[in-house]
Amino acid sequence: MNSRQRFLAAMRFEKVDRLPLTEFLGFDEATVRRWRSEGLPAEQDPFEFFGLERCHMLPVVLEHFPPFKREVIEEGEDYVVVVTETGRIEKLKKQGYMVPQVLKYPVSTPAEWYQYKQGLTFSEQRLPADWPRTAKRLEERDYPLYLYMRGGFYGQPRTLLGDEHLCLAFYDYPEMIDDMLGFWTDFVMECWTPVLKTVDIDFVIIWEDMSYRGGSMISPSMFRRFITPHLQRFTKFLKDMGVDIILVDTDGDCTELIPLFIEGGVTGMFPFEVQCGMDVVEVAKQYPDLQIIGGIDKTAVARGGADIKGEIEKRVVPLLDRGGFIPSFDHLVPPTVSLANYAEYVDQLRSALGC
């Protein structure tokens, strides 16, 4: 089997020669920098170095177009305040790294949403470069190809309003949220239709970072009120267009979200963060038809030694024959994981999968 055949068979609960050997979310940039200092060749990609299989995203631009003009609007001794290409106003350090402090999001009122959505219209500029030739080349691929909705039915409003303002907007501006989700659904479907009519897309990822260590950021009733109708319409569209693998990316404790996403037409989820209480073996027992990717405790691999073997025996071995499962880290591979420990993990995983 090639990489594409193996991925599709695994996700469809079909017979495979072995499960895919991959790192689904990839590697933190700081991790790669550390590994360079520990012996990873300067020009070599970690996927190639470790012999991992890889999925490829087909880029379709869903962001505000044209982008906002980036400009500095305030400057201090050790910081700058900038308007970013996304329309956010952020405070950044001049030296060193800090998580950007968002001072203002692009949308906070219905009037601002009306202005923002003028930049969400379809044009062929949003399609991949040299689209007809690109589409032709993709017919012969041997790797899985996906479309990425970088902002789902909670994720997109969260990106535009921020968590706090979004939670208030559900109560203060419910009509705006309804319009936002309906408009966003229509827009993404319009942008993706030319692609889905031309290329056999293997799966779709919807980014919904809407849970944390304590559970979901919104209640099940609010999910059903605002998200479910649009999610069901979107997943029906995808299935009608031939996409039968629809994955949601959400971190944290997503226990109460799983049945809601299934109800919405989603077929699989990832990455199932262990430190937030997620256990892929238990999830698999409760939802036997759910496609599961991830679930490997990054902290266990960081500790190394017997913890690596124990983690694979605990999380991977019980699911080898289940189908619908691909082992991978429960987030990006972090810089706490050494090159040597990751190499040991890959060797152990390769052995478990029978590579």
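**Figure 1. Cysteines of the predicted model.** The structure holds zero disulfides, a disulfide being a pair of cysteine sulfur atoms within 2.5 Å. C167 is in no disulfide, and the nearest cysteine sulfur, that of C276, is 18 Å away. With a relative accessibility of 31%, C167 counts as partly exposed; buried means under 20% relative accessible area, exposed over 50%, and partly exposed in between, with a 1.4 Å probe and protein chains only. C276 is likewise in no disulfide, the nearest cysteine sulfur being that of C254, 9.2 Å away. C276 is buried, at a relative accessible area of 14%. This is a predicted model, in which local features need pLDDT of at least 70 and side-chain atom pairs count only at pLDDT 80 or more, whereas totals for chains, interfaces and linings use all residues. Residues are numbered from 1 along each chain as its sequence is written, and side-chain values use heavy atoms, with hydrogens and water left out.

Figure 2. Seven strands form an open sheet in the order β1-β6-β7-β10-β11-β12-β13, with parallel pairing. Helices (H or I, at least four residues) and strands (E, at least two) are DSSP runs, numbered from the N terminus, and two strands pair if DSSP finds at least two bridges between them. The edge strands, each pairing on one side only, are β1 (56-57) and β13 (325-329). Helix α14 (residues 339-353) packs on the sheet and touches β12 (291-296) and β13; the direction of α14 makes about 170 degrees with that of β13. Here axes are lines fitted to C-alpha atoms, for helices over the stretch in contact, and angles run from 0 to 180 degrees between N-to-C directions. Strands β12 and β13 run parallel and are joined by five bridges; G294 has P327 of β13 as its bridge partner. Five of the five residues of β13 are buried. Strands β6 (residues 145-149) and β7 (residues 203-207) pair in the parallel sense over four bridges, and M149 has I206 of β7 as its bridge partner.

Figure 3. Helix α1 (residues 3-11) is largely enclosed by the rest of the structure, because eight of its nine residues are buried. The buried residues are S3, R4, R6, F7, L8, A9, A10 and M11. Their cover includes β7, β12 and β13. At the start of α1, a side-chain oxygen of N2 reaches to within 3.1 Å of the backbone nitrogen of R4. F13 lies in the loop between α1 and α2 (29-38) and has a phi near 60 degrees, a positive value in a residue other than glycine. F13 is partly exposed, with a relative accessible area of 33%.

Figure 4. D202 is found in the loop between α8 and β7 and, at 2% relative accessibility, counts as buried. The side chains of D202 and R141 are joined by a polar contact of 3.0 Å. A polar contact is a pair of N or O atoms within 3.5 Å; within protein, one must be able to donate a hydrogen and the other to accept it, and residues adjacent in sequence count only if both atoms are side-chain atoms. A polar atom of the D202 side chain also lies 2.9 Å from the backbone nitrogen of L145. Leaving aside neighbours within four places in sequence, D202 is in contact (heavy atoms within 4.5 Å) with residues including R4, L8, Y143 and D244.

**Figure 5. The largest nonpolar core.** Of the 92 residues in this core, W192, F234, F272, Y342 and Y345 touch the most other members. A nonpolar core is a set of buried Ala, Val, Leu, Ile, Met, Phe, Trp, Tyr and Cys residues joined through side-chain atoms within 4.5 Å. Helix α8 (residues 174-198) gives the most to the core, with 12 residues. Not counting residues up to four places away in sequence, Y342 touches E23, F27, W35, F50, L52, F329, V333 and V337. Apart from this core lies another, of 13 residues, among them M11, C55, L247 and F270.

**Figure 6. The segment around P271 and F272.** The peptide bond from F270 to P271 is cis, with omega near 10 degrees, and P271 is found in strand β11 (residues 268-271). F272 lies in the loop between β11 and α11 (280-286). Phi of F272 is positive, near 60 degrees, in a residue other than glycine. At 1% relative accessibility, F272 counts as buried.
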